[in-house]
Amino acid sequence: MRNKAYCCEDIKETLTTKTEKGFHIHGFKRGEKRIYMLAYLACDLSNLQAALENAKTDLSPISQQAISNCPWCGSKLDRFYKNKLEIIQNKDLVSLLPQWFTQG
Ligand SMILES: [Zn+2]
């Protein structure tokens with residue numbers, strides 16, 4: 001396996017903007033299993049509550065989808081991050097997932 005911290009520069013850059021508007025990748029543990037997510041924030045996380053309260057439609061300011069591969073370089077995320085999940089953890093985004101999903 002390649003001995004570098006991130007699978008690609010794109011994911012590294014995304015991880016520097018963890019709570020800003022845009023696409024994010026994060027991973028967390030559900031029991032012994034590691035789950036990887038692609039998240040899209042339509043606004044900065046600091047504005048999320050206001051966006052939810054002011055929403056005039058049912059458009060969602062945040063969308064999340066479980067994924068297996070890096071959307072930029074195609075690497076298998078679990079092969080790359082299983083022993084260093086902490087570098088792609090994002091507790092803010094995990095807290096926005098339904099409890100039934102995070103606790104399985
Ligand atoms: Zn990648």
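Author: Start with pairing: two strands pair if DSSP finds at least two bridges between them. Note that this is a predicted model.

Reader: How many bridges join strand β2 to β3?

Author: Strand β2 covers residues 33-41. Its run against β3 is antiparallel. Within this sheet, methionine 37 stands opposite alanine 66 in β3. The number of bridges joining β2 to β3 is 6.

Reader: Which are the edge strands of the sheet?

Author: The sheet is open, has 3 strands and pairs them antiparallel. Its order is β1-β2-β3. An edge strand here pairs on one side only, and that holds for β1 (22-30) and β3 (62-67).

Reader: By how many degrees are neighbouring strands of this sheet turned against each other on average?

Author: Direction is ignored in this angle.

Reader: What pattern does the protein follow along the sequence?

Author: The protein holds 5 helices and 3 strands. Read along the sequence, they give α-β-β-α-β-α-α-α.

Reader: What radius of gyration does the protein have, and why does it agree with a compact globule?

Author: The C-alpha trace spans about 50 × 30 × 20 Å along its principal axes. A compact globule of 104 residues would have a radius of gyration near 13 Å, so the protein's value agrees. That value is 14 Å.

Reader: What share of the 104 residues is buried?

Author: Buried means 20 or more other C-beta atoms within 10 Å of the residue's own. By that cut-off, the buried share is 19%.

Definitions and conventions:
Residues are numbered from 1 along each chain as its sequence is written. This is a predicted model: local features need pLDDT of at least 70, side-chain atom pairs count only at pLDDT 80 or more; totals for chains, interfaces and linings use all residues. Helices (H or I, at least four residues) and strands (E, at least two) are DSSP runs, numbered from the N terminus. Axes are lines fitted to C-alpha atoms, for helices over the stretch in contact, and angles run from 0 to 180 degrees between N-to-C directions. The radius of gyration is taken over C-alpha atoms; the globule rule is 2.2 Å times the number of residues to the power 0.38. A residue is buried if 20 or more other C-beta atoms lie within 10 Å of its own, exposed if 12 or fewer, and partly exposed in between; C-beta atoms are placed from the backbone.
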